[in-house]
Amino acid sequence: MKITLSQDPSYRETEVIIRCAQADEDILRLVAMLRVYQKKLVGILDGERHLLDVKDVLYIDTADKKTFLYTEKAVYQSALRLYELEETLREWDFLRAGRGAILNFRRVRSVRPELGRRWLVTMDNGEQIWVSRQYAGELKDKLRQVERSIFQ
């Protein structure tokens, strides 16, 4: 793969052009990663609505029928339900951790299998989240994808 960076102060905005013979899975994943930097979520904190970059969200969970977005700096409430966020964020490497939680796979620091086929995930900020055995398969699939992409 050839990568070229062209800088010019006269450019009005950043443009990314991918030239390829065919858009395979790796190319589509690269496009999805680039789009995550443009994706925003609305989080409510102290009555104010904040625009959050998707890449800054560590994980999302529910409590008392409310949905919360966790970043390194704060916890925001979302007007969307967990299943709505899951559908919206799937292409940006968010995955189910349990019945009431979704985690941002790009913000995972480490994973460790535990008893009962559950996994303990440590996020970038050191917080730990349990992935239930029901959703452990999806986590293992993501790990395999990463391993395969490293050795290609």
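The legends below describe close-up views of a predicted model.

**View 1. The largest pocket and its lining.**
The largest pocket of the predicted model holds about 980 Å³ of space, and its lining is made up of 23 residues. Ile-3, Thr-4, Val-16, Ile-17 and Ile-18 are the lining residues that lie nearest the centre of this pocket. Sorted by class, the lining of the largest pocket comprises 12 nonpolar residues, four polar residues and seven charged residues.

**View 2. A nonpolar surface patch that includes Ile-18.**
Val-16, Ile-18 and Leu-34 together make a nonpolar surface patch of about 230 Å². The relative accessibility of Ile-18 is 33%, so the residue counts as partly exposed. Two members of the patch, Val-16 and Ile-18, are also among the residues nearest the centre of the largest pocket.

**View 3. The salt bridge between Lys-40 and Asp-53.**
Side chains of opposite charge can pair when their charged atoms come close. Here Lys-40 and Asp-53 form a salt bridge in which the closest N and O atoms are 2.4 Å apart. Because Lys-40 lies in strand β1 (residues 40-45) and Asp-53 in strand β2 (residues 48-53), the pair ties together parts that are 13 residues apart in sequence. Lys-40 is partly exposed, with a relative accessible area of 42%, whereas Asp-53, at 18% relative accessibility, counts as buried, the cut-off for that class being under 20%. Lys-40 and Asp-53 also take part, with Lys-55 and Asp-56, in a network of salt bridges. Over the whole structure, the search finds 12 salt bridges.

**View 4. The salt bridge between Arg-112 and Glu-114.**
The side chains of Arg-112 and Glu-114 meet in a salt bridge, with an N to O distance of 2.5 Å. Arg-112 counts as partly exposed at 46% relative accessibility, and Glu-114 is likewise partly exposed, with a relative accessible area of 27%.

Asp-141 and Arg-144 meet through their side chains in a salt bridge, at 2.7 Å from N to O. Both residues lie in helix α3 (residues 133-150), and because they are three residues apart, about one helical turn separates them. Asp-141 counts as partly exposed at 40% relative accessibility, and Arg-144 is also partly exposed, with a relative accessible area of 40%.

**View 5. Val-54 in the loop between β2 and β3.**
Val-54 lies in the loop that runs between β2 and β3, the latter strand spanning 59-63. With a relative accessibility of 0%, Val-54 counts as buried. From C-alpha to C-alpha, Val-54 and Thr-71 are 9.6 Å apart in space, while in sequence they are 17 residues apart.

At 73% relative accessibility, Asp-64 counts as exposed. Asp-93, too, is a residue other than glycine with a positive phi, in this case near 65°, and its place is the loop between α2 (82-89) and β6 (94-98). Asp-93 is buried, with a relative accessible area of 13%.

Note on methods: Residues are numbered from 1 along each chain as its sequence is written. This is a predicted model: local features need pLDDT of at least 70, side-chain atom pairs count only at pLDDT 80 or more; totals for chains, interfaces and linings use all residues. Side-chain values use heavy atoms; hydrogens and water are left out. On a 1 Å grid over the protein atoms alone, a cavity is a set of points where a 1.4 Å probe fits but cannot get out, and a pocket is an open set with protein on both sides within 12 Å along at least five of seven lines; lining residues have an atom within 4 Å of a point. Grid points are joined across faces, edges and corners, and a volume is the space filled by probe spheres set on the points. Ala, Val, Leu, Ile, Met, Phe, Trp, Tyr, Cys and Pro count as nonpolar, Asp, Glu, Lys and Arg as charged, and the others, Gly among them, as polar. Patches are made of residues with over 30% relative accessible area and no salt bridge: like charges are joined within 9 Å, nonpolar side chains (Val, Leu, Ile, Met, Phe, Trp, Tyr) within 5 Å. Accessible areas come from the Shrake-Rupley method with a 1.4 Å probe; for residues, only the protein chains shown count as cover. A salt bridge is a side-chain nitrogen of Lys or Arg within 4 Å of a carboxyl oxygen of Asp or Glu. Buried means under 20% relative accessible area, exposed over 50%, partly exposed in between (1.4 Å probe, protein chains only). Helices (H or I, at least four residues) and strands (E, at least two) are DSSP runs, numbered from the N terminus.
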